Amino acid sequence: MYPLVIYQGNGRWRAPRNFHDLIAPLPTVLAPFVPRFTYALHDICARTNAEIKGAVLTRLVQLAMR
C-alpha cells in the first residue's frame, strides 16, 4: 500500500501530512487503532502544464492506471 494524495485545488495543500492529525479530535481510546503513517503529497496546483507533462509522476500514474 502506498498512501498518495494528488492535489490540484486553487490554493496550497494545508491539511496535516500525518494521518493521526487528520482525525481531530482523536479519542485516546481509539488512537491504537488508527494507522500511524504519512502520505506522499504531490501538490500540482503551483506547477505549469509544461512542468507536469514531462514529470515522472505523470508517467508513473499512467503506468499504475494501465
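By element I mean a helix or a strand, both taken as DSSP runs and numbered from the N terminus.

**Entry 1: the overall layout**

I opened the model, which is a predicted one. Reading from the N terminus, I get the order β-α-β-α-α. That makes three helices and two strands. I then checked how much of the protein is tucked away: of its 66 residues, 15% are buried.

**Entry 2: the strands**

Next I went to strand 1, residues 4-7. How does it pair with strand 2? The two run in the parallel sense, with four bridges between them. Strand 2 covers residues 40-43, and I noted Ala 40 there as the bridge partner of Leu 4.

Which side chains of strand 1 are buried? Val 5 and Tyr 7 are, and they point to one face.

**Entry 3: the start of the chain**

Together with Tyr 2 they make a nonpolar patch of about 310 Å². Tyr 2 sits in the segment before strand 1. I list Tyr 2 as exposed because its relative accessible area is 59% and the cut-off is over 50%.

Pro 3 is in that segment before strand 1 too. Its relative accessibility is 23%, so I put Pro 3 down as partly exposed. What does Pro 3 touch, leaving out residues up to four places away in sequence? I found Phe 37, Thr 38, Tyr 39 and Ala 40. I also checked the C-alpha distance from Pro 3 to Tyr 39: 4.9 Å, for two residues 36 apart along the chain.

**Entry 4: His 20**

Last stop was helix 1, residues 19-22, where His 20 has its place. Is His 20 buried or exposed? Buried, because its relative accessibility is 9% and the limit for buried is under 20%. A polar atom of the His 20 side chain lies 3.0 Å from the backbone oxygen of Val 34. Val 34 is also one of the residues His 20 touches, again leaving out those up to four places away in sequence; the others I wrote down are Leu 26, Ala 31, Pro 35 and Arg 36.

Definitions and conventions: Residues numbered from 1 in each chain as written. Predicted model: local features only at pLDDT ≥ 70, side-chain atom pairs only at ≥ 80, totals over all residues. Heavy atoms only, no water. Patch = residues over 30% accessible without salt bridge, like charges linked within 9 Å, V, L, I, M, F, W, Y side chains within 5 Å. Areas by Shrake-Rupley, 256 points an atom, 1.4 Å probe, with all protein chains shown as cover. Salt bridge = Lys/Arg side-chain N within 4 Å of Asp/Glu carboxyl O. Buried < 20%, exposed > 50% of the residue type's maximum accessible area, 1.4 Å probe, protein only. Pairing = 2+ DSSP bridges. Polar contact = N/O pair within 3.5 Å; in protein donor to acceptor, adjacent residues only side chain to side chain. Contact = heavy atoms within 4.5 Å.
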